[in-house]
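Please consult the sequence and structure shown here while reading.

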Amino acid sequence: MINKDIIREWVNELRSGRWKQGINMLNDGNGHYCCLGVLIEICIQSHKVKVEKHAGRDNILYDGEDKFLPASVYSFVGLDEMPAVRDGDYLSDLNDSKVSFDKIADLIEKKFLRKGKKNNG
């Protein structure tokens, strides 16, 4: 089951202006994050989800991942996989196409939090 509290926190953080958006990786190691990287950091910092975080060649790896959510985050959030959020587009694709964090937050909210809609992908 989707952890809607975490989804709400993620949406709020994406809209907060505290995160600089980056592309093609979860975290470039210089303060720029993919929208999924923001979710990972929320899980680590606010909820103490165990994720091994270490420097890669030119980025930060999370449990060895530089482009995808680690299994521990999928499990904590309550997802088996990342569903498409709009017309077959995945969050990472939208992020890498430079869709703003605000717009991505709107799509996440619509997909997972709106009442009366199917919320699990």
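## Gln21 and its surroundings

Not counting residues up to four places away in sequence, Gln21 touches His32, Tyr33, Asn95, Val99, Ser100, Phe101 and Ile104, where contact means heavy atoms within 4.5 Å. The model is predicted: local features need pLDDT of at least 70, side-chain atom pairs count only at pLDDT 80 or more, and totals for chains, interfaces and linings use all residues. Residues are numbered from 1 along each chain as its sequence is written, and side-chain values use heavy atoms, with hydrogens and water left out.

Gln21 lies in strand 1 (residues 20-21); helices (H or I, at least four residues) and strands (E, at least two) are DSSP runs, numbered from the N terminus. Its C-alpha atom is separated by 5.1 Å from that of His32, 11 residues apart along the chain. With a relative accessible area of 28%, Gln21 is partly exposed; buried means under 20% relative accessible area, exposed over 50%, and partly exposed in between (1.4 Å probe, protein chains only).

The side chain of Gln21 makes a polar contact with the side chain of Asn95 at 2.9 Å, and reaches the backbone nitrogen of Phe101 at 3.4 Å. A polar contact is a pair of N or O atoms within 3.5 Å; within protein, one must be able to donate a hydrogen and the other to accept it, and residues adjacent in sequence count only if both atoms are side-chain atoms.

The axes of helix 1 (residues 4-15) and helix 5 (residues 101-112) come within 8 Å and cross at roughly 160 degrees. Helix 1 is therefore roughly antiparallel to helix 5, as angles under 35 degrees count as roughly parallel, over 145 as roughly antiparallel, 65 to 115 as roughly perpendicular and the rest as oblique. Axes are lines fitted to C-alpha atoms, for helices over the stretch in contact, and angles run from 0 to 180 degrees between N-to-C directions. In helix 1, Lys4, Ile7, Trp10, Val11, Leu14 and Arg15 meet Phe101, Asp102, Ile104, Ala105, Asp106, Ile108, Glu109 and Phe112 in helix 5.

## Helix 2

Helix 1 also packs with helix 2, at an angle of about 120 degrees and with the axes 10 Å apart. This arrangement makes helix 1 oblique to helix 2. Ile6, Glu9, Trp10, Glu13 and Leu14 of helix 1 make the contact with Cys35, Leu36, Val38, Leu39, Ile42, Cys43, Ser46 and His47 of helix 2.

Just after helix 2, Lys48 takes a positive phi of about 55 degrees.

## Asn59 in a loop

Asn59 is found in the loop between strand 3 (53-55) and strand 4 (60-62). Asn59 is buried, with a relative accessible area of 7%. Leaving aside neighbours within four places in sequence, Asn59 is in contact with Met25, Asn27, Asp28, Gly29, His54 and Asp66. The side chains of Asn59 and Asp66 make a polar contact at 3.3 Å.
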